[in-house]
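Student: Let's go through this one together. Start with how you label things, please.

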Amino acid sequence: MSETNSCRRLLLSIGGPILAVILVILGWGLAVWAFDIPPYVMPSPARTWTAAMDDLPTLLKGLRITFVEFLLGFVLGAGAGFCFAVIMDASAWVRRVLYPILIASQAVPIIAISAALTIWLGFGLAPKLVIVALTVFFPVVVNVLDGLASVDHDMLNLVKSMGGTRASIFRHVKLPATYTPLFSALKLSATFSVTGAVIGEWTASTSGGLGAYLLQANSRLNTAATFAAIGFLAILGVMAFLLVVLTEYVLTPWRSSSKARRWSPSYWRVTAAAAPTTSPRRI
């Protein structure tokens, strides 16, 4: 019975989004046909599909380039944001100095500093990574700081009274408290980071990418190719979100199941502890 319910939940979780995408495509095609929208204003799904198939090698190459830019910049921004949050939590003086600067930096649009980054870092990969990292950095810092601040002070005092060091307190008490806000920030930043990669390609692209392809399609007034690039960017955004969800599933197994998974070390420790220590007596 439980296996049937699990299969039903899996089908609903997969079939629901697929059905929603099909309905959106059908509504899109119906609107183009019903209002007789010219192809240069909004192409039909069939025209967009044809344009995507005609330029499929170029689009796949651009998808790979933009994904690499997203992934490296995302990891860089998340790692830097987490480290900054830990440092700011450990020192109240550092937090008072850096926090207002971080808030003020968010008032400056990313696209406004992209040109300056291009002048400083050139037209290679570096300015794109910085733009993506800046997109992730602030949400991670704020959410991890909130997670560290939410730790119960009585629990901290209890662990200290039991002889816990600062390292052990951080590992066993503070670090688990950051998982939920951290992954919330990463999920929120996943799709925004794809946008940051596209902005970086618009201002400093010599190696292609979906952003550069989008600019070229716009300059040629090729609306169908533009919509094809938008579709691939949507696919990349979904991939980024699912990658964060998969990472959360791997690193926080207790949120999805009360039992340790077979591949985790804790599973084998629990199994070994539950196994009988003596062999059964023969009858």
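Tutor: Helices are DSSP runs of H or I with at least four residues, strands are E runs of at least two, and both are numbered from the N terminus. This is a predicted model, with local features needing pLDDT of at least 70 and side-chain atom pairs pLDDT 80 or more, while totals for chains, interfaces and linings use all residues. Residues are numbered from 1 along each chain as its sequence is written, and side-chain values use heavy atoms, leaving out hydrogens and water.

Student: OK, how many helices and strands does the protein chain have?

Tutor: There are 11 helices and zero strands. Along the sequence the pattern reads α-α-α-α-α-α-α-α-α-α-α.

Student: What's on the surface, then?

Tutor: The chain exposes about 17800 Å², and carbon and sulfur atoms supply 70% of that. Areas are Shrake-Rupley values with a 1.4 Å probe, and for residues only the protein chains shown count as cover.

Student: Which residues form the nonpolar patch?

Tutor: Ile14, Ile18, Leu19, Ile22, Leu23 and Leu26, with about 580 Å² of accessible area together. Patch members have over 30% relative accessible area and no salt bridge; nonpolar side chains (Val, Leu, Ile, Met, Phe, Trp, Tyr) are joined within 5 Å, like charges within 9 Å. Take isoleucine 22: it is found in helix α1, residues 2-34, and counts as partly exposed at 41% relative accessibility.

Student: Switching topic: how many salt bridges does the whole structure have?

Tutor: Two, counting a side-chain nitrogen of Lys or Arg within 4 Å of a carboxyl oxygen of Asp or Glu. In one, lysine 174 pairs with aspartate 89, the closest N and O atoms being 3.1 Å apart. That pair links distant parts of the chain, with lysine 174 in helix α8 (residues 166-203) and aspartate 89 in helix α3 (residues 56-90), 85 residues apart. Aspartate 89 is partly exposed at 21%.

Student: Which residue does lysine 187 pair with?

Tutor: Glutamate 248, with the closest N and O atoms 2.8 Å apart. Lysine 187 lies in helix α8 and glutamate 248 in helix α10 (residues 223-251), so this bridge ties together parts 61 residues apart in sequence. Lysine 187 is partly exposed at 28%, whereas glutamate 248 is buried at 9%.

Student: Now α2. Which of its residues are buried?

Tutor: Thr48, Ala51 and Ala52, in a helix spanning residues 45-54. Down the axis they fall within an arc of 100 degrees, so they line one face; the arc is taken from the directions from the helix axis to the C-beta atoms. The face turned away carries the exposed residues Ala46, Trp49 and Asp54.

Student: Where is aspartate 36?

Tutor: In the loop between α1 and α2, and it counts as exposed at 64% relative accessibility. Leucine 221 also has a positive phi, about 55 degrees. Leucine 221 sits in the loop between α9 (210-219) and α10.

Student: Is leucine 221 buried or exposed?

Tutor: Exposed, at 72% relative accessibility.

Note on methods. Buried means under 20% relative accessible area, exposed over 50%, partly exposed in between (1.4 Å probe, protein chains only).
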